[in-house]
Amino acid sequence: MAAGIARLNGKVAIVTGAAQGIGRAIATRLAAEGAKVAIADINEEVARRTAAEIKAAGHEACAVKLDVTSLDSAMAAVERVERELGPLDILVNNAGWDKLELFVESVPETWDRVIAINFRGVIHCCKAVAPRMQTRGYGKIVSIASDAGRVGSMGEAVYSGCKGAIIAFSKTLARELARNHINVNVVCPGPTETALLQGVMAEQPKVLDAMKRGIPMRRLGKPEDLAGAVAFFASSDADYATGQVISISGGLTMAG
Ligand SMILES: NC(=O)c1ccc[n+]([C@@H]2O[C@H](COP(=O)([O-])OP(=O)(O)OC[C@H]3O[C@@H](n4cnc5c(N)ncnc54)[C@H](O)[C@@H]3O)[C@@H](O)[C@H]2O)c1
């Protein structure tokens with residue numbers, strides 16, 4: 001990251017699904033910019049490891065167990081983070097999951113899980129955090145959607161629906177919360193080198209090659225590629241930007 005930037009000094013952030021992948025890169029970046037960061041993840045063991053790495057780099061962090069599919073879990077995690085780190089200024093909704101299946105072959109069990117993690121998860125975390133931000137008259141909410149939610153993606157019909165839903169939900173929340181000085185924005189990754197992509201593409205190596213060829217920058221994203229856009233929306237540099245959607249995907253999607 002750019003050296004010497006401390007835009008987030010004194011801010012407290014919670015990043016969901018931050019144990020690994022894109023969430024981990026986002027949490028690391030927010031901490032490097034001065035924020036105290038909660039690594040909130042269903043995988044508590046890996047979350048603890050990530051928090052320890054951030055602390056070892058000289059920043060403040062904690063790990064908290066969170067299952068975004070449960071509103072109770074979101075409420076409890078937020079309560080605990082505020083006790084440990086202080087009032088939350090920043091929520092990054094990053095936890096996500098998918099399974100590649102053509103829609104006609106897909107089954108309700110997959111839909112339920114995809115919807116519970118990707119869309120209800122965002123709703124739960126916003127419900128847990130937004131009223132607290134509203135009371136304090138300040139907040140930054142950044143949700144990680146996907147280019148799939150803007151232009152669709154083969155084999156990811158329900159996932160794409162959830163990501164599109166995150167975009168529409170965020171725009172509405174942005175309108176409702178603007179008067180409370182809470183900004184709500186969305187960052188859309190394209191295909192990015194993480195465990196999620198590896199899992200989804202395990203049996204489709206040719207699809208991955210075709211994807212790379214379709215990206216104007218001719219490479220997959222790295223988790224760190226996403227972190228700067230999230231840090232921007234989480235900072236006061238973005239005080240006058242709300243309800244916005246940005247793709248960070250090497251030019252793959254140039255939505256108007
Ligand atoms: N990797 C890509 O190509 C890509 C592309 C577009 C969008 N995205 C989105 O980026 C985000 C991060 O994905 P990633 O690629 O880093 O995935 P990843 O699988 O590497 O990491 C996801 C993290 O979320 C956590 N998680 C899963 N279910 C959870 C739950 N119920 N509660 C709390 N935490 C949970 C996992 O434990 C994991 O740490 C997701 O929202 C994903 O949809 C990824």
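1. The model is predicted, so local features need pLDDT of at least 70 and side-chain atom pairs count only at pLDDT 80 or more, while totals for chains, interfaces and linings use all residues. Residues are numbered from 1 along each chain as its sequence is written.

2. The chain holds nine helices and seven strands (DSSP runs, with H or I of at least four residues for helices and E of at least two for strands, numbered from the N terminus). Its C-alpha trace spans about 45 × 40 × 40 Å along the principal axes.

3. Of the 256 residues in the chain, 46% are buried, where buried means that 20 or more other C-beta atoms, placed from the backbone, lie within 10 Å of the residue's own. Strand E3 (residues 61-65) has four of its five residues buried, so the rest of the structure largely encloses it.

4. Strand E2 (residues 36-41) runs parallel to E3, and five bridges join them (strands pair if DSSP finds at least two bridges between them). Among these partners, Asp-41 is bridged to Lys-65 in E3.

5. Around the ligand there are 28 residues, of which Gly-17, Gly-21, Gly-96, Thr-194 and Leu-196 come nearest; a residue counts as near if its C-beta atom, placed from the backbone, lies within 6 Å. The elements that give two or more residues to this shell are helix H1 (21-32) and helix H7 (195-201).

Technical notes
Buried ≥ 20, exposed ≤ 12 C-beta atoms within 10 Å, placed from the backbone.
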